[in-house]
Amino acid sequence: MTASRFFSANCALFLSLSLASPLLAQKDQPHRIETTQSPGNSPASSPESTTPPLTAAVTPAPSPAVPQLTDVLFKSLKARSIGPAVMGGRVSDIAIDPRNPFVFYVGLAHGGVFKTGDNGVSFDPIFDKQPVLSIGAVALAPSNSDVIWVGTGEANDRNSSGWGNGVYRSTDGGENWQNVGLQESRAIGRIIVHPSKPEVAYVAASGHLWTDGVERGLFKTTDGGKTWKLVLQAPAPHNTRTGCSDVAFDPANPETLYAALYARQRTPWSFMSGPDLTGGVDAGGIFKSTNGGASWTKLANGLPAQTGRIGLATGTSNPRVVMAVVQSYEGGSSNISDLRSKSGGVFRSENRGESWTRVSAIDPRPFYFSQIRMDPANDQRVYLLQFALLVSDDGGRNFREDLSEKVHPDCHAFAIQPGTAPPPKPPKPEDKGKPPKPPVCQRLLLGTDGGIYQSFAAGKGWEHLNRIPAGEFYRLTLDDTKPYFRIAGGLQDNENWVGPSGVQSKEGIRNSDWTALAGGDGFYVVFDPSDRDLFYADSQQGEVHRLNLRNGELRRLRPEPLEGQPRYRFHWNSPLIGSVHKPGVIYLAGNHVFRLTDHAEKYEVISPDLTQNDPDRTTAAGSGAENYGVVYSLAESPKRAGLLWAGTDDGRLWVTENDGAKWTELTDKLPEPARGQWVTRIEPSHLDANVAYVATSAYRTGNDHPMILRTADLGKTWQPVTGDLPANAPVEVVREDLVNPRLLYAGTHFGLFASFDQGTHWIRIGDVPAVRVDDVQIHPRTFDLVIGTHGRSIAILDDTVPFREFTSEIAAKLAHLFSVRSVTGAYLQPGFVDANGKGVYRGANPPEGALFTVWVKEFTGDEIKIAVTKSTGQPVANLKAPGAPGLTRLNWDLRPTKDVSVEYGGDDPKRLLPAGDYTAELSFGTLKMKQNFHVDIAEGITPR
């Protein structure tokens, strides 16, 4: 799969917001601008002109109207996907086309829906134009597989789970989609479609994970989603917390259904489910309907009470068989690592649910798994999804673990292709009288936290289809390696990694170009300032480690208190940052701030407990995902040594001006509604030590509104700069440009935004779909914007200087050529790209050569023309592009174009031009404008 499909099929930029007021930006102008106007145009421009600084004491002349910014104006400035796809990402559902099994669909917890038409050789994103990308369920109509139903919002109940806005339906194989309702359901765990009526479907809606809400339960539509009926719900008042976790047809009669109700809710410091959430009332359980959902009976007779999450399966080969994996609180709970339940486990009915037998006690971590399947050819062949894939050949009584070799743990989705059981072999003489081996379908698809796998041997061997860039990155760090800087970061359940922003090969950035840096779930990574092979990274709960790539040494270095002293608390995602001012110093945050020195071998506590330290909220057991009362955001001022900012998940904000010797609390200075909310990110200004930005979020308490604040006086006062960000898009990261303080970037749960006026108005940029953006970094040398998404790996928007320079004056001009970045020319190695097939993920390299970015105010019918000349005036290249309104980007590969070279008898046109100063001249109608730039050539190359 090529990276050109990273975001959308047409690579259009979805900028739905308009900029109603003039853009104001302080210009960074490293090169001389020459603008000329042909005779006959009045007034004439000065041969040399620059936009005056905002503070200049000049009287502005009247300027033409500034056009509103729309997606059409920005369609050419799009980010390139660099992957990686090596580690995959969490898969929530899989659907195989019953008409053509080489076609199947993959629903990602955070990354949308991907489709393959060649049995997994390549994948295309088909859901990127929709406003949400968290997927819970995918289902095809058995009678017409062009009809696809998608339920948005992951239903696996993680602390990092995303949410959706209802059900989508396509009638043309995923080319076009329509939202058909249930927009407040938030999370959908299953959709089933009537076997002969594609307009009839049932949707199991779990509902809001973090707060009460009524749009949950089992819903039915008979008209393709035009109308919905809630056919099964818990009795009030428990219906506000109890949703539907699963639903299944009786294979012999679609009027008979089985459904499971399940109550669950998170807080930032806990997770509760089942009767603990409904005041002891057993509102959940398994229910059966024999009239298409018109009425229901709760099933018992062998099933446990006090139930939590339940997964269901029905037997295609024997419709009388129903199986369930049932969470039960009877008799108490078990440790997270214990696979067995006190009273729950795997239950089997041989009489359509009239009675049940507990056949196994296995039911690990129910909120995260609870998936069970039966082979459609053999009801004795049962698969149970949990940390590993378990299989039973005796109806669930005994499970074995031999089908999980070389498979990423944490299994969530599973699909079996019916009809792939081979015919029985002729019996051997010695087997006479023995029953034949039962049939087993051979083609399986498995979705885990590490992506999707395929087996054609009933699970005995798996191929990892690592061609989908679905990585769930939390944080990114950049170094300054040349010619291509490196990017390091950590991912949900997929360690920490480092890889290049480009490679010197036409192969593109492959999975093999990335190196694992160890860890469990990965988060922050710090490059050692003096040793390029030395890395510091952390995993959940502050598990800091140092890895040396030269010799493989791995040292675990999390600070620990003395025996008998209070334990340190660390978040799932603990801040770990290298000091800008003191190379070799690293700061780590838990409930205290720590300063690590001597290659992290030594540490010093440099703060008191900065949290509320509420004992009722700091004692959750489990994986560490509910750890609370910690510093979640930590930042060092790039302008002033010793100036650190710290923000906690329980709403406190602090600053120190002397490297931790004294901390000042700023919590009360924050305005409502940000005060007391989770501090998601702090961004100190690169230009003014007194300026900082703070992003807070409250979606964990039911408020999805974004909030970004700015201070210009070291936290004494704050002003909101949230502007017109979408009202339902909590902010995960805010960045100020390194040069222009009015240019801001915001990563939200539903995409990437930029503001050119310090937060009054925001627009979508980079062709980034509505994926959660957890981190954004600006490279100080290349000006590239590096985008870390939680569901679609990493993308780079090359050379953001045009954003930095963009002003209302430029927007009002007929056309404008922005500054041209200096460039180093080199040859890309051919590699084996044209001979090793399509089944290789290739992240996109940066464009070769020089980038020219042109603004056009409006359509005039003129072409954009760029003429490149040497400093001597010798023409070397001519480029053209349609004069479409907005920003257009062209790139020149540092070779002469055909119109200025001789094809036969001249110098080799594939050779690079020499180093030196060049000039690019824009012609657009009668307007002409020049920009100078410099070209270097890599050492050892003989140019033309």
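Reader: In which order do the strands β44, β45, β46 and β47 lie, and with what pairing?

Author: In this predicted model, the four strands form an open sheet in the order β44-β45-β46-β47, and their pairing is antiparallel. In general, strands of a sheet pair through backbone hydrogen bonds, in either a parallel or an antiparallel manner.

Reader: Which are the edge strands?

Author: The edges are β44, residues 631–636, and β47, residues 664–665; each of them pairs on one side only. Strand β46, residues 653–656, runs antiparallel to β47 and is joined to it by two bridges. Within that pairing, Val-655 has Thr-664 of β47 as its bridge partner.

Reader: Let us turn to charged side chains. How many salt bridges does the model hold?

Author: The general idea is that side chains of opposite charge can pair when their charged atoms come close. Here the count comes to 46 salt bridges. One of them is formed by the side chains of Asp-128 and Arg-792, with an N to O distance of 2.9 Å. Asp-128 belongs to the loop between β6 (124–125) and β7 (135–141), and Arg-792 to the loop between β57 (785–789) and β58 (794–797), so this pair ties together parts that are 664 residues apart in sequence.

Reader: Are Asp-128 and Arg-792 buried or exposed?

Author: Asp-128 is buried, because its relative accessible area is 3%, under the 20% limit. Arg-792 is also buried, with a relative accessible area of 0%.

Reader: Which residue meets Arg-735 in a salt bridge, and where do the two lie?

Author: The partner is Asp-775, at 3.0 Å from N to O.

Reader: Which residues are linked in a network of salt bridges?

Author: Such a network links Arg-381, Asp-393, Arg-400 and Asp-402.

Reader: How many residues make up the largest nonpolar core, and which elements contribute to it?

Author: The largest nonpolar core has 52 residues, and those with the most contacts inside it are Val-150, Tyr-745, Ile-765, Leu-785, Phe-803 and Trp-855. Two or more residues come from each of β7, β8 (144–152), β54 (751–755), β56, β57, β58 and α2 (808–812).

Reader: Where is Arg-365 found, and which residues is it in contact with?

Author: Arg-365 is in the loop between β23 (357–360) and β24 (371–375). Because its relative accessibility is 14%, Arg-365 counts as buried. Setting aside neighbours within four places in sequence, Arg-365 is in contact with Arg-158, Ile-336, Phe-387 and Ser-623. With Ser-623, the side chain of Arg-365 makes a polar contact of 3.3 Å. Arg-365 also lies 9.0 Å from Ser-334, C-alpha to C-alpha, although the two are 31 residues apart in sequence.

Reader: Which backbone atoms lie 2.8 Å from a polar atom of the side chain of Asn-845?

Author: They are the backbone nitrogen of Val-503 and the backbone oxygen of Ser-505. Asn-845 is in the loop between β61 (842–843) and β62 (850–856), and it counts as buried because its relative accessibility is 18%. Beyond four places in sequence, the residues that Asn-845 touches include Arg-80, Gly-502, Gly-508, Ile-509 and Leu-828.

Reader: What is the average pLDDT of the chain, and where is the pLDDT below 50?

Author: The average is 92, and 93% of the residues score at least 70. The pLDDT is below 50 over residues 4–63, a stretch that has 134 contacts in the model beyond near neighbours in sequence. Where pLDDT is low, the predicted coordinates should not be read in detail.

Terms used. Residues are numbered from 1 along each chain as its sequence is written. This is a predicted model: local features need pLDDT of at least 70, side-chain atom pairs count only at pLDDT 80 or more; totals for chains, interfaces and linings use all residues. Side-chain values use heavy atoms; hydrogens and water are left out. Two strands pair if DSSP finds at least two bridges between them. Buried means under 20% relative accessible area, exposed over 50%, partly exposed in between (1.4 Å probe, protein chains only). Contact means heavy atoms within 4.5 Å. A polar contact is a pair of N or O atoms within 3.5 Å; within protein, one must be able to donate a hydrogen and the other to accept it, and residues adjacent in sequence count only if both atoms are side-chain atoms. A salt bridge is a side-chain nitrogen of Lys or Arg within 4 Å of a carboxyl oxygen of Asp or Glu. A nonpolar core is a set of buried Ala, Val, Leu, Ile, Met, Phe, Trp, Tyr and Cys residues joined through side-chain atoms within 4.5 Å. pLDDT is the predictor's confidence in each residue, from 0 to 100.
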